[in-house]
Amino acid sequence: MSEKQKGHYENLFPFLSEKSSIVLSSVFSKKTLGTIKALREGMKNSGEERKNWIVLGSDSWVKGFDDAKKWCEDNNKEYEVLWKVPYDSTLAKLASSKGFVYLPKGMDTCPRMVIEAKLLGCDLHLN
């Protein structure tokens, strides 16, 4: 997802640089983009107030779950932890939420969920 990440893996695994490659960010199908558009428009037309923030639940240290949760608590933000939630439900939760907190501890430059949250109208708190 970044030239820096590509270089990191090429240093770890030199055979990767033997062939031509390019860096891609997250890729979305037309179906997914249609779902995001429908959710965004549905939320806009509902008049519902968006209150809570979303935190990605994860056992992986790199995802920064504890830091994201702490930020919500330190800033008096109502939040919901999404842990092993089906994809369509995750999109629906993002569409109805005020914001998304993501504070990874490693080279996670712009994961798909950040892009989805932004497209769904969430405020973002990122590092």
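Student: What should I know about the numbering and the model?
Tutor: Residues are numbered from 1 along each chain as its sequence is written, and side-chain values use heavy atoms, with hydrogens and water left out. The model is predicted, so local features need pLDDT of at least 70 and side-chain atom pairs count only at pLDDT 80 or more, while totals for chains, interfaces and linings use all residues.

Student: Start with α2. Where is it, and how many residues does it have?
Tutor: Helix α2 covers residues 30-46, which is 17 residues. Helices here are DSSP runs of H or I with at least four residues, strands are runs of E with at least two, and both are numbered from the N terminus.

Student: What span should it have?
Tutor: At 1.5 Å a residue, α2 should span 24 Å, and its end C-alpha atoms are 24 Å apart, which agrees. The expected span is 1.5 Å times one less than the number of residues.

Student: Which residues of α2 are buried?
Tutor: T32, I36 and M43 are buried in α2. They cover an arc of only 40° around the axis, which puts them on the same side of α2. The arc is taken from the directions from the helix axis to the C-beta atoms. Buried means under 20% relative accessible area, exposed means over 50%, and partly exposed is in between, with a 1.4 Å probe and protein chains only.

Student: And which are exposed on the other side?
Tutor: K30, K31, K44 and N45 are exposed there.

Student: What covers the buried ones?
Tutor: The cover includes α4 (87-95) and α5 (112-119). T32, with 12% relative accessibility, is in contact with Y87 and R112, leaving aside its neighbours within four places in sequence. Contact means heavy atoms within 4.5 Å.

Student: What does S29 do around there, in terms of T32?
Tutor: A polar atom of the S29 side chain lies 3.0 Å from the backbone nitrogen of T32. S29 is in the loop between α1 (3-12) and α2, and is partly exposed at 35% relative accessible area.

Student: What comes after α2?
Tutor: G47 follows α2, and its phi is positive, near 75°.

Student: Which other residues have positive phi, leaving glycine out?
Tutor: N76 is one of them, with phi near 50°; N76 sits in the loop between α3 (65-74) and β2 (79-82) and is exposed at 73%. K84 has phi near 55°, lies in the loop between β2 and α4, and is exposed at 77%.

Student: New topic. How many residues are in the largest nonpolar core?
Tutor: There are 13, and those with the most contacts inside the core are I54, L94, F100, M113, A117 and L120. A nonpolar core is a set of buried Ala, Val, Leu, Ile, Met, Phe, Trp, Tyr and Cys residues joined through side-chain atoms within 4.5 Å.

Student: Which elements give two or more residues to this core?
Tutor: Those elements are α4, β3 (99-102) and α5. A second, separate core of eight residues includes W53, V55, A68 and L103.

Student: Last one: how many disulfides are there?
Tutor: A search of the whole structure finds zero. A disulfide is a pair of cysteine sulfur atoms within 2.5 Å, and the sulfur nearest to that of C72, the one in C122, is 12 Å away.

Student: Are C72 and C122 buried or exposed?
Tutor: C72 is buried at 0% relative accessible area, and C122 counts as buried at 3%.

Note on methods: A polar contact is a pair of N or O atoms within 3.5 Å; within protein, one must be able to donate a hydrogen and the other to accept it, and residues adjacent in sequence count only if both atoms are side-chain atoms.
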